[in-house]
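Keep the sequence and the 3D view side by side as you read.

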Amino acid sequence: MTYLPVGERRRAIIDAAIEVIAKEGLASATTRRIAERAGTPRATIHYCFRDKDELTLLILARACSTMHATFTRLSPGSGFEATVRAAVAAYWQWIRDAPGLHLALLELTLWVIRNRQTVAPGGDVRATVNAPFGGDLIKDALSTAARADNLHPAVPVAELARFLIHRMDGLVLELAETRDEAACERQTHLLADALIALATP
């Protein structure tokens with residue numbers, strides 16, 4: 001087996017875990033299966049990570065870091081309509097760049113919902129999951145753009161951001177099923193048009 005520094009080995013195992021979750025589901029993401037996918041001894045996972053929960057949290061951290069890299073490039077000063085279209089395009093690019101990661105996130109979201117009493121007791125699961133993964137950044141960008149245009153959206157910005165995220169979750173599943181990027185991209189243009197129409201007083 002080729003020697004890899006611990007940091008690279010950890011990244012490879014996280015990649016393998018994402019692939020297993022995306023293709024086979026969270027229930028199949030055992031340390032044995034992940035080790036097989038990573039091409040590494042099972043003991044390596046226990047060496048690189050405290051436990052499976054740490055590995056799961058690092059998958060979420062990977063999603064957060066890639067999401068921030070995507071959405072922090074938004075420029076709300078360009079106006080509300082342009083910001084809406086840029087936010088939708090950025091989200092779609094984020095999905096296309098890492099479709100397996102997004103399928104894994106959907107699996108992990110379902111896990112949070114099923115285990116809400118221990119993971120988010122008494123909390124709003126939607127907010128717990130979506131706010132860190134683009135919801136807050138999109139809402140802030142749209143709010144800033146609306147203020148810059150002196151626009152008072154007919155639908156609250158928080159609801160527009162929520163609608164955008166929900167539709168994109170659906171596109172993750174459509175892309176996984178059809179593999180038709182062009183058809184999915186057409187849906188993103190329709191989504192941007194709908195968001196702009198909803199916001200127009």
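Start with one pair. The side chains of glutamate 24 and arginine 37 form a salt bridge, with N and O 3.6 Å apart. A salt bridge here is a side-chain nitrogen of Lys or Arg within 4 Å of a carboxyl oxygen of Asp or Glu. Glutamate 24 belongs to helix H1 (residues 6–24) and arginine 37 to helix H2 (residues 31–38), so the bridge ties together parts that lie 13 residues apart in sequence. Helices are DSSP runs of H or I with at least four residues, numbered from the N terminus. Side chains of opposite charge can pair when their charged atoms come close.

A word on the source. This is a predicted model, in which local features need pLDDT of at least 70 and side-chain atom pairs count only at pLDDT 80 or more, while totals for chains, interfaces and linings use all residues. Residues are numbered from 1 along each chain as its sequence is written, and side-chain values use heavy atoms, with hydrogens and water left out.

How open is this pair? Glutamate 24 is partly exposed at 33% relative accessibility, and arginine 37 is partly exposed at 29%. The scale is simple: buried means under 20% relative accessible area, exposed means over 50%, and partly exposed is in between (1.4 Å probe, protein chains only).

The pair also has partners. Glu19, Glu24, Arg33, Glu36 and Arg37 are linked in a network of salt bridges.

Now look along H1 itself. H1 has 19 residues and spans 26 Å from first C-alpha to last, close to the expected 27 Å. That expected span is 1.5 Å times one less than the number of residues. Among the buried residues of H1 are Arg9, Ile13, Ile14 and Val20. Their cover includes H2, helix H3 (42–48), helix H4 (52–71) and helix H6 (99–114). Just after H1, glycine 25 takes a positive phi of about 95 degrees.

Move on to helix H5 (residues 80–97). Glutamate 81 and arginine 85 form a salt bridge, N to O at 3.4 Å. They are four residues apart in H5, so about one helical turn separates them.

Arginine 96 reaches elsewhere. Its partner is glutamate 185, with the closest N and O atoms 3.4 Å apart. Glutamate 185 sits in helix H10 (residues 181–199) and arginine 96 in H5, so this bridge ties together parts 89 residues apart in sequence.

How many salt bridges are there by this rule? The count comes to nine.

Definitions and conventions:
Helix = DSSP H or I, 4+ residues; strand = E, 2+ residues; numbered from the N terminus. Contact = heavy atoms within 4.5 Å.
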